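This report goes with the sequence and model shown here.

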Amino acid sequence: FPFWIKHIDGTMMYINKAYEKAFNVTKAYYVGKKDNEVWGEEKAMVYRASDIEARNSPYNYKIFEQEAENWTVVKWSNKISDVAVADYGCCFPSSTK
């Protein structure tokens, strides 16, 4: 499944091969950039808002239905002493009825 790690400032730190294939973007291109540099301002604003929402969730994770087209997205953060240091995410194909 597509998986990524993002610095809390929004800079992509890691994407796996499944992410590269699913979203047609390479690690060499995306890592070190922010969402707006890859997906444009409109999508980046949505992604950033959901990163923050998941980070601030009382459960430290959040499920976003259809945030990315045809995917259910789960986001969570890594915290050290209650301070977020990185945001993580994984996508699962959305079921169609």
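The model is predicted. Strand β1 (residues 3–7) pairs with two other strands, as listed in the table.

| Pair | Partner strand | Sense | Bridges |
|---|---|---|---|
| β1 with β5 | residues 83–93 | antiparallel | five |
| β1 with β2 | residues 12–15 | antiparallel | three |

On the β5 side, F3 has C90 as its bridge partner. Towards β2, I5 stands opposite Y14. β1 and β2 make a hairpin with four residues between them, and G10 in the turn has a positive phi of about 100°.

H7 also belongs to strand β1. Apart from neighbours within four places in sequence, H7 is in contact with M13, V85 and D87. V25 is 18 residues from H7 in sequence, and the two C-alpha atoms are 18 Å apart.

Helix α4 (residues 41–56) has 16 residues. From first to last C-alpha the helix reaches 22 Å, close to the 22 Å expected at 1.5 Å a residue. Its buried residues are A44, Y47, S50, D51, A54 and R55. Viewed down the axis of α4, these buried residues fall within an arc of 135°, so they line one face of the helix. The face turned away from that buried side carries the exposed residues E42, M45 and N56.

Terms used:
Residues numbered from 1 in each chain as written. Predicted model: local features only at pLDDT ≥ 70, side-chain atom pairs only at ≥ 80, totals over all residues. Heavy atoms only, no water. Pairing = 2+ DSSP bridges. Expected span 1.5 Å × (residues − 1). Buried < 20%, exposed > 50% of the residue type's maximum accessible area, 1.4 Å probe, protein only. Arc of directions from axis to C-beta. Contact = heavy atoms within 4.5 Å.
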